[in-house]
Amino acid sequence: MVDDHGPFAGYHRSYVNDDYIRSVNEAGGVAILVPFTEDEEAAREIMSRVDGLVLSGGHDVYPLLYGEEPCRQIGPVWPARDRFDQLLLAEAEKRGIPVMGICRGCQIINVAHGGTLYQDLSLDKNSFVKHSQNQDPATPTHTVEIQAGSRAARILGRTEWVTNTHHHQTVHQVGEGLKVTGRAKDGTVEIMEGIGETYLMAYQFHPEMMSINNDQAKAIFTDFIAAAKGEKA
């Protein structure tokens, strides 16, 4: 992304929040930052060298990708990153590499599978929960109801959990090959799982922020790292 302030405004930078790095490493993995590039061959080469892929949060997904014009409430978009993330996802799925999507990552997985998004939760007539909380990032703020027997329920050890929430877009029509296994009390999609054999978990909330002091959030990363190592859950 482009730095928009300070003495080096305008510089392009590749980074993620430390919470992602910490969460992966504490779960027994070794976090490697995949820098943004428009060189598709370089991106494919990177994917040949990793065991798991975390698609992180960030910009709103470009609405033309799912056949919609941008609404008034949409935030900044970055179409080139959308293409990059979709390429990484496609390579991971082709190679059978476990994938976890967080916030925007959940949304890009859905769009890549042919689904759509609510560009803003105000456009979802059923939504009443405040999903962009003004709290410490690690603070749980709303309930998620989790489908019994799902992988998410096994990971978390329960069918109801209170999570954090920091988003204004969410899944609308669910993409092919995905199933919803967690929803907020207003029906907002919070967890999706792939229905195929390859590990694919998508979370609308931010477990990497919560894992600093929450055992269930830690378990989300432990499960992902186990899958990346080829261990059975």
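A polar contact is defined here as a pair of N or O atoms within 3.5 Å, of which, within protein, one must be able to donate a hydrogen and the other to accept it. In the predicted model, such a contact of 2.7 Å joins the side chains of aspartate 120 and histidine 168. The side chain of aspartate 120 also makes a polar contact, at 2.6 Å, with the side chain of serine 122.

Aspartate 120 is located in the loop between β3 (117-118) and β4 (142-146). The relative accessibility of aspartate 120 is 13%, and the residue therefore counts as buried, the cut-off being under 20%. When neighbours within four places in sequence are left aside, the residues in contact with aspartate 120 are Gln73, His168 and Gln169. Isoleucine 155, by comparison, is 35 residues from aspartate 120 in sequence, and the two C-alpha atoms are 29 Å apart in space.

A further element of the model is the pairing of two helices. The axes of helix α3 (residues 79-95) and helix α4 (residues 104-112) come within 10 Å and cross at roughly 75°. Classified by residue type, the contact of α3 with α4 comprises 5 nonpolar, 1 polar and 4 charged residues.

Note on methods. Residues numbered from 1 in each chain as written. Predicted model: local features only at pLDDT ≥ 70, side-chain atom pairs only at ≥ 80, totals over all residues. Heavy atoms only, no water. Axes fitted to C-alpha atoms, helices over the stretch in contact; angles between N-to-C directions. Helix = DSSP H or I, 4+ residues; strand = E, 2+ residues; numbered from the N terminus. Nonpolar A, V, L, I, M, F, W, Y, C, P; charged D, E, K, R; others polar. Buried < 20%, exposed > 50% of the residue type's maximum accessible area, 1.4 Å probe, protein only. Contact = heavy atoms within 4.5 Å.
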